[in-house]
Amino acid sequence: MPKELFFPVIETERLALKPLTIDDSDCLLDIFSDPEVMRYWNTAPWTTVQDAIDFINESNDSMRRQESIILGVYLKSTGELAGKCMLFSYDKESKRAEIGFGLGRSCWRKGYIIEAGEALIKYGFDSLGLRRIEAEIDPNNRSSGRTLEKLGFSLEGLLRQRWEVNGVVSDSAMYGRLVSDFSA
Ligand SMILES: CC(C)(COP(=O)(O)OP(=O)(O)OC[C@H]1O[C@@H](n2cnc3c(N)ncnc32)[C@H](O)[C@@H]1OP(=O)(O)O)[C@@H](O)C(=O)NCCC(=O)NCCS
């Protein structure tokens, strides 16, 4: 597939979704070192700018390998980095990928992730040719569950005691959305 497909720039009314650069390291660290943002994540909060640099480099490597699309979510009005959204674990043969998202706390409850998510899902279906997009979240993560429901995902099942992070064991709720749901 063409390389550019995995490095898109996607614009919505208020947002620009585009690949992260090393210049975003400090802002990204601010967002993902916040324990509230990372509360339901499967890794601990970041602690140093190197965590952000590693994330950006690994993201770009995995996009070059055509395994994921990991994009910064920028506010068009100010250029501020609000967070990130991604399609990852791309399986070309099965036409499937997983979706994930996270915003800095100051950007919550403004509808940004619905706007970004709709655009990313459309890109996944229309440009990557996906048949299925799935999401795995902590069932206690109400904001994420509500967001997925609003994005047209169905709750498909519960995987018990799937994670242990810093000694805390948690279940996974599995959500899915099909391209046929999308066009329905
Ligand atoms: C999940 C997250 C991206 C949602 O972003 P957001 O910008 O606040 O979401 P939106 O404003 O687009 O709102 C989406 C829906 O979720 C609801 N919602 C948002 N925060 C909520 C909360 N804390 N509790 C319950 N519902 C919530 C909104 O009300 C809205 O539903 P509604 O229109 O019916 O009211 C954000 O909370 C976040 O970054 N959380 C931390 C990272 C994370 O947990 N990511 C998920 C792991 S993949």
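**Close-up views of a predicted model**

**View 1. Phe32, Trp41, Trp46 and Phe55 form one aromatic cluster.** The model shown here and in the other views is predicted. Across the whole structure, a search finds four aromatic pairs. Phe32 belongs to helix H1 (residues 25–32), whereas Trp46 is in the loop between H1 and helix H2 (49–64), so the pair ties together parts 14 residues apart in sequence. Both Phe32 and Trp46 are buried.

View 2. Phe6 comes from the segment before strand S1 (10–11) and Tyr90 from strand S4 (residues 81–91), so the contact ties together parts that are 84 residues apart in sequence. Phe6 and Tyr90 are each buried.

**View 3. Lysine side chains place their charged ends over aromatic rings, as Lys84 does with Phe32 and Lys18 with Tyr74.** The charged end of Lys84 is 4.2 Å from the centre of the Phe32 ring. Phe32 is also a member of the aromatic cluster of View 1. For Lys18, the distance from the charged end to the centre of the Tyr74 ring is 4.8 Å.

**View 4. Helices H1 and H2 pack with their axes 8 Å apart.** The angle between them is about 110 degrees, which makes H1 roughly perpendicular to H2. On the H1 side, the contact is made by Ser25, Asp26, Leu28 and Leu29. On the H2 side, Val49, Ala52, Ile53, Phe55 and Ile56 take part. One of these H2 residues, Phe55, also belongs to the aromatic cluster.

**View 5. Helix H3 covers residues 112–126.** From the first C-alpha to the last, this helix of 15 residues reaches 21 Å, close to the 21 Å expected at 1.5 Å a residue. Eleven of the 15 residues are buried, so H3 is largely enclosed by the rest of the structure. Among the buried residues are Tyr112, Tyr123 and Phe125, together with Ile113, Leu120 and Ile121. Glu115 is buried too, as are Ala116, Gly117, Ala119 and Gly124.

Notes: Residues are numbered from 1 along each chain as its sequence is written. This is a predicted model: local features need pLDDT of at least 70, side-chain atom pairs count only at pLDDT 80 or more; totals for chains, interfaces and linings use all residues. Side-chain values use heavy atoms; hydrogens and water are left out. Helices (H or I, at least four residues) and strands (E, at least two) are DSSP runs, numbered from the N terminus. The expected span of a helix is 1.5 Å times one less than its number of residues. Buried means under 20% relative accessible area, exposed over 50%, partly exposed in between (1.4 Å probe, protein chains only). Rings of Phe, Tyr and Trp (its six-membered ring) pair if their centres lie within 6.5 Å; planes under 30 degrees apart count as stacked, over 60 as edge-to-face and the rest as tilted. A charge sits over a ring if NZ of Lys or CZ of Arg is within 6 Å of the ring centre and within 35 degrees of the ring normal. Axes are lines fitted to C-alpha atoms, for helices over the stretch in contact, and angles run from 0 to 180 degrees between N-to-C directions. Angles under 35 degrees count as roughly parallel, over 145 as roughly antiparallel, 65 to 115 as roughly perpendicular and the rest as oblique. Contact means heavy atoms within 4.5 Å.
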